[in-house]
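Please read this briefing beside the sequence and the structure, which are shown below. The notes after them are grouped by topic.

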Amino acid sequence: GIRNRHFFDEVFHQEWRRAVRQKYPITLLLLDIDHFKRVNDTYGHLSGDDCLAVVAKEVDGMFNRPSDVVARYGGEEFVVILPYVEYDSALRLAEQVRGRIADRTIRAGGHRINVTVSIGVSSLVPKEADDPKSLIGRADEALYSAKSAGRNRVLGDR
């Protein structure tokens with residue numbers, strides 16, 4: 001029920017170019033469902049798919065501005081593009097997402113499933129010489145730092 005990776009790639013590059021021209025911050029949240037393989041192994045892939053859909057809907061429902069984009073990034077990863085959102089605000093938003101997912105019991109395939117997410121946050125006001133992939137890479141590094149630090153947490157690239 002959310003956008004796919006191809007849509008993300010297109011919109012991200014458009015938004016990046018606009019942020020360069022207008023000199024405003026662009027922020028990414030990169031989310032990964034913690035230990036998702038266990039969900040599939042324990043409850044089956046159909047329940048895992050239902051779980052992914054519920055998490056996607058929950059995350060998407062938290063971002064309502066027309067410029068906000070929530071998309072599937074890969075496997076059990078999601079990405080959120082937040083134009084005009086600065087780093088500190090993004091950390092607060094990411095923490096709200098993390099908390100909402102952690103507090104939710106998902107009903108999937110007759111099972112009650114609890115999952116958590118780790119979130120990497122990256123933000124900058126891009127310049128012409130900057131590479132858009134650098135923002136994605138920084139969010140990815142922050143995500144993996146969050147996972148390495150114990151999961152179910154938000155970390156930024158600062």
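The buried residues of helix 4 are Tyr-87, Ala-90, Ala-94, Val-97, Arg-98, Gly-99 and Ile-101, where buried means under 20% relative accessible area, exposed over 50% and partly exposed in between, with a 1.4 Å probe and protein chains only. This is a predicted model, in which local features need pLDDT of at least 70 and side-chain atom pairs count only at pLDDT 80 or more, while totals for chains, interfaces and linings use all residues. Residues are numbered from 1 along each chain as its sequence is written, and side-chain values use heavy atoms, with hydrogens and water left out.

**Helix 4**
- Helices (H or I, at least four residues) and strands (E, at least two) are DSSP runs, numbered from the N terminus; helix 4 covers residues 87–103.
- With 17 residues, helix 4 reaches 24 Å from its first C-alpha to its last, close to the 24 Å expected at 1.5 Å a residue, the expected span being 1.5 Å times one less than the number of residues.
- The cover over the buried residues of helix 4 includes strand 1 (26–33), helix 3 (45–61), strand 6 (117–124) and strand 7 (154–156).

**Nonpolar cores**
- A nonpolar core is a set of buried Ala, Val, Leu, Ile, Met, Phe, Trp, Tyr and Cys residues joined through side-chain atoms within 4.5 Å; the largest one here has 30 residues, and those with the most contacts inside it are Leu-29, Val-59, Phe-63, Val-115 and Ile-119.
- At least two residues of this core come from each of strand 1, helix 2 (36–43), helix 3, strand 3, helix 4, strand 4 (106–108) and strand 6.
- Apart from this core lies another, of 20 residues, among them Trp-16, Ile-26, Val-69 and Ala-71.
- Contact means heavy atoms within 4.5 Å, and Val-59, leaving aside its neighbours within four places in sequence, is in contact with Leu-31, Val-70, Val-80, Val-97 and Ile-101.

**Strands 2 and 3**
- Strand 2 (residues 69–74) and strand 3 (residues 77–83) pair in the antiparallel sense over 5 bridges, pairing being assigned if DSSP finds at least two bridges between two strands.
- These two strands form a hairpin with 2 residues between them, and Gly-75 in the turn has a positive phi of about 30°.

**Asp-34 and its loop**
- Asp-34 sits in the loop between strand 1 and helix 2 and counts as buried because its relative accessibility is 4%.
- A polar contact, that is, a pair of N or O atoms within 3.5 Å (within protein, one must be able to donate a hydrogen and the other to accept it, and residues adjacent in sequence count only if both atoms are side-chain atoms), joins the side chains of Asp-34 and Ser-118 at 2.6 Å.
- The backbone nitrogen of Val-117 lies 3.5 Å from a polar atom of the Asp-34 side chain.
- His-35 is found in the loop between strand 1 and helix 2, has a positive phi near 50°, and counts as partly exposed at 35% relative accessibility.

**Helix 5**
- The buried residues of helix 5 are Pro-132, Leu-135, Ile-136, Ala-139, Ala-142, Leu-143, Ala-146 and Lys-147.
- Seen down the axis of helix 5, these residues fall within an arc of 145°, so they line one face of the helix, the arc being that of the directions from the helix axis to the C-beta atoms.
- The face turned away from the buried side of helix 5 carries the exposed residues Lys-133, Glu-141 and Ser-148.
- Just after helix 5, Gly-150 takes a positive phi of about 125°.
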